[in-house]
Amino acid sequence: MSDLAVSPNKIPAAPSAFAKALRNPLWLRVALLAGVAALLEIYGRLYADPAFMSPPSLIVNAFFTKIAPQPQILLALWYCVAQIAAAYALSVMFGVVIGLAIGASGFSRSAFFPIILLLYAIPQVSLLPLVVLMFGLGPVAKIAFGFSHGVFPIIMNVVAGMRDVKELHLRAARSMGASRMETIRHVILPHAVPSLFTGLRLGMTLTLLGVILAELYVSTGGIGYFTRVFAESYDPAPLFALTGCLAIIAVLFNELVRLAQNKLTPGKRRPPTLKNSVKE
Amino acid sequence: MERPSLATRSVQIAFLAVVAGAWFFATETASVSALFLPKPASVYAALQRLVQTASFWSAVLVTLTTILKAFAIAIVAGVLVGYAVTRSKLATQVIEPVISGLFTVPITLFFPMFILFFGIGTGSKVAYGATYAFFPIALNTIAAFATMEERYLRAARSMGASQLETFRHVLLPGALPVLITGMRIGFFICFASVLGGETISSVAGIGRNIAHAAELMESARMYAWIVFVIATSVTLNLLVYAFENHIRSR
């Protein structure tokens, strides 16, 4: 509206690079996060109780002095990465195969999909002590728990993707003489790809959750042991640094799946990048 | 969803029967250690004993109040933050990806910090559950208010609706379904994360009792607790599902 007030012989100057950056969401986001970090730094240095809070600079410092030089912690982190990878690989394999089997026909879908939904509604964390009791304190329990979290969203999204094929496309395939297998291969599967990737991303998030829950529950070894030691000795800097390492691992795993999605989903089939609401 | 036919129903019943039968036979023939899988009868007996103890109900009460406190905090914070963010397009563009990005990182990572800040009692579980449930509620609030069609708002304005009237008659009814979905997801995340927090480290509550039974290797009691949790969760799911349908159909 204020543009109207500018007299016609005065051309408004092109916005400077700085003014442009001010309107760019990406830079504003970076600035926002930097601002939060700066506030934490000030608060941590001036006001916080050093037994509970640590300024970001000391956390980074703690990573180099207390995390990186300790081979046991690095080994625990490495185990964590390997467990996530193994659990996710199993989730994808079983999730896709079971999802395809259930989604292949209307009958199997209406018979087995409610069972999957029922299993998915179980708060799996109540089974965590049982899983550890069964599989022991080692990596197997963590892989199993990550797998049981990750597999369900993949199954559900594969089934959902195969279900939502337009009737028109199916009829077109049939009328052109496609067999059942050809219809699945050329119509249903390509249609299910975007939904599959939604499932793969959700599956990754939940696999991470499962593995980390199990890691924290088993406090006699691995990551859970070190977090407990740091928390109980009121030594927040290395605790935050270790948590930061895990967060970076989680972000990298998520990014890996997102990159695969962008690479493997051609053009229009890609779901909108600004995901607006959370659904199952 | 297709209407369940007799054939699909019988497949489902057969599936459940096979699972139950497998449980029964595996324990009767002792091919699985009773430590991992106790007999159905002993689980039932343990559950019967459990519900008669006072400690059972106090544990349930602890968990229930923790969940409700966490959920209340998450609703207030999530809706306020979400609504505030959508008041500006730029703020939505800047902040929405931050919140949705954080949500893909398991908040469980930060659980030891909650223990550090709020102690091992219920406070840390309230904070942890509230933090976890905050994200879906805030994200869905943002989605609900940011995707509101501009023309409805313009129509309301042009008909002389005040800010409050616009909110009451246009924004809120339009946003409600997505808001409710966010709250449902938030509630079950809250439920699971409070249980998880109690399982990992706490002094009271349902999760603590499951972990404790596992530590003592009293599998029948552990299974009794698990059965209770699963039954509660399934019942809650059905109730919330019915409630949500009721809201939507109005």
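Into which domains is chain B divided? Colour residues 1-32 as domain 1 and residues 37-249 as domain 2, and you have the division of chain B. Bear in mind as you go that this is a predicted model.

Stay on chain B for a moment. Where they touch, domain 1 of chain B puts in 5 residues and domain 2 of chain B puts in 4 residues. On the domain 1 side of that contact you'll find 4 nonpolar residues, 1 polar residue and no charged ones.

Now bring up chain A. Select 21-53 for its domain 1 and 58-269 for its domain 2. Between the C-alpha centres of these two domains of chain A there are 31 Å.

Next stop: the place where the chains meet. Chain A brings 43 residues to the contact and chain B brings 50 residues. To see the chain A side, select helix 2 (25-46), helix 5 (106-120), helix 6 (128-135), helix 9 (180-217), helix 10 (222-232) and helix 11 (236-264), each of which supplies at least two residues. Which helix of chain A gives the most to this side? Helix 11 of chain A does, with 8 residues. Colour the chain A side by class and you get 32 nonpolar, 9 polar and 2 charged residues.

The crossing is right-handed. Show side chains for A:Phe107, A:Ser110, A:Ala111, A:Pro114 and A:Ile115, then for their partners B:Ala7, B:Thr8, B:Val11, B:Gln12 and B:Phe15.

Last stop, back inside chain B: select helix 5 (residues 111-118) and helix 6 (residues 122-146). They pack at about 135 degrees with axes 8 Å apart, so helix 5 of chain B is oblique to helix 6 of chain B. This crossing is right-handed. Helix 5 of chain B uses B:Phe111, B:Phe114, B:Ile115 and B:Phe118, while helix 6 of chain B uses B:Gly123, B:Ser124, B:Ala127 and B:Tyr128. Of these contact residues, 6 are nonpolar, 2 are polar and none is charged.

Terms used: Residues are numbered from 1 along each chain as its sequence is written. Chains are lettered from A and ligands numbered from 1 in the order in which they are written. This is a predicted model: local features need pLDDT of at least 70, side-chain atom pairs count only at pLDDT 80 or more; totals for chains, interfaces and linings use all residues. Domain bounds come from an automatic or database domain assignment. Two residues are in contact if their C-beta atoms, placed from the backbone, lie within 7 Å. Ala, Val, Leu, Ile, Met, Phe, Trp, Tyr, Cys and Pro count as nonpolar, Asp, Glu, Lys and Arg as charged, and the others, Gly among them, as polar. Helices (H or I, at least four residues) and strands (E, at least two) are DSSP runs, numbered from the N terminus. Axes are lines fitted to C-alpha atoms, for helices over the stretch in contact, and angles run from 0 to 180 degrees between N-to-C directions. Angles under 35 degrees count as roughly parallel, over 145 as roughly antiparallel, 65 to 115 as roughly perpendicular and the rest as oblique. A crossing is left-handed if the near helix is turned anticlockwise from the far one by less than a right angle, and right-handed if clockwise.
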